[in-house]
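User: I'd like to learn how to read the features of a protein model. Could you walk me through this one?

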Amino acid sequence: MIKKLDIIPLETLDGWIIQNKKLHKDFEFSDFKEAFGFMKQVADMAEEMNHHPEWFNVYNKVAIDLMTHDAGGITTNDVEFACRVDALLQK
């Protein structure tokens, strides 16, 4: 069983915050096509990790929330997911 983290290493996560007991980050892109391309990359990664985000998109904005429902909170899987999302943007 995956265990919920008591301490979230926010200092290692670029721009991620705790909001509503979830890891949260807002992203803004130049247009819808760029935002959707980012979402496609994240979707592929999520399938690979078998760990899926809660997210919301309007035009050029994407919001991502991460938590592990089975554990009832944020886990190392969520932190790893957040790091991988940020790495996608560095490419």
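User: Thanks! To begin, which residue forms a salt bridge with Lys-40?

Analyst: Two notes on the source come before that. This is a predicted model, in which local features need pLDDT of at least 70 and side-chain atom pairs count only at pLDDT 80 or more, while totals for chains, interfaces and linings use all residues. Residues are numbered from 1 along each chain as its sequence is written, and side-chain values use heavy atoms, with hydrogens and water left out.
Now the general idea: side chains of opposite charge can pair when their charged atoms come close. A salt bridge here is a side-chain nitrogen of Lys or Arg within 4 Å of a carboxyl oxygen of Asp or Glu. The partner of Lys-40 is Asp-44, with the closest N and O atoms 2.7 Å apart. About one helical turn separates Lys-40 and Asp-44, because they are four residues apart in helix H1. Helices (H or I, at least four residues) and strands (E, at least two) are DSSP runs, numbered from the N terminus.

User: How many salt bridges are there by this rule, and which of them link distant parts of the chain?

Analyst: The count comes to six. One of them pairs the side chains of Glu-54 and Lys-22, at 2.7 Å from N to O. Glu-54 belongs to strand S3 and Lys-22 to strand S2, so this pair ties together parts 32 residues apart in sequence. Another joins Glu-48 and Arg-84, whose closest N and O atoms are 3.8 Å apart. That pair links helix H1, which holds Glu-48, to helix H2, which holds Arg-84, across 36 residues. Glu-48 and Arg-84 also belong to a network of salt bridges together with Glu-80.

User: Are Glu-54 and Lys-22 buried or exposed?

Analyst: The scale is relative accessible area: buried means under 20%, exposed over 50%, and partly exposed in between (1.4 Å probe, protein chains only). Lys-22 counts as buried because its relative accessibility is 18%. Glu-54 is partly exposed, at 28%. In the other pair, Glu-48 is exposed at 63%, and Arg-84 is partly exposed at 30%.

User: Which residues have the most contacts inside the largest nonpolar core?

Analyst: A nonpolar core is a set of buried Ala, Val, Leu, Ile, Met, Phe, Trp, Tyr and Cys residues joined through side-chain atoms within 4.5 Å. The largest one here has 22 residues, and Trp-16, Leu-23 and Val-85 have the most contacts inside it. Strand S2 (22–28), helix H1 (32–49), strand S4 (61–66) and helix H2 (76–90) are the elements giving two or more residues to this core. H1 gives the most, with seven residues.

User: What is Trp-16 in contact with?

Analyst: Contact means heavy atoms within 4.5 Å. Leaving aside neighbours within four places in sequence, the partners of Trp-16 include Leu-10, Leu-23, Phe-27, Ile-64, Val-85 and Asp-86. Asp-86 deserves a look of its own. This residue is found in helix H2 and is buried, with a relative accessible area of 11%. The side chains of Asp-86 and Trp-16 are joined by a polar contact of 3.0 Å. A polar contact is a pair of N or O atoms within 3.5 Å; within protein, one must be able to donate a hydrogen and the other to accept it, and residues adjacent in sequence count only if both atoms are side-chain atoms. Not counting residues up to four places away in sequence, Asp-86 also touches Asp-14, Lys-25 and Phe-27.

User: Which residues make the nonpolar surface patch?

Analyst: Patches are made of residues with over 30% relative accessible area and no salt bridge; like charges are joined within 9 Å, and nonpolar side chains (Val, Leu, Ile, Met, Phe, Trp, Tyr) within 5 Å. Phe-32, Phe-36, Phe-56, Val-58 and Tyr-59 make a nonpolar patch of about 550 Å², with areas from the Shrake-Rupley method and a 1.4 Å probe, where for residues only the protein chains shown count as cover. H1 and strand S3 (54–58) each supply at least two of its residues. Val-58, for instance, lies in S3 and is partly exposed at 46%.

User: And where is Asn-20 placed?

Analyst: Asn-20 sits in the loop between strand S1 (17–19) and S2. As background, most residues other than glycine have a negative phi. Asn-20 has a positive phi, near 55 degrees, and Lys-21, in the loop between S1 and S2, has a positive phi of about 65 degrees. Asn-20 is exposed at 64%, and Lys-21 is exposed at 71%.
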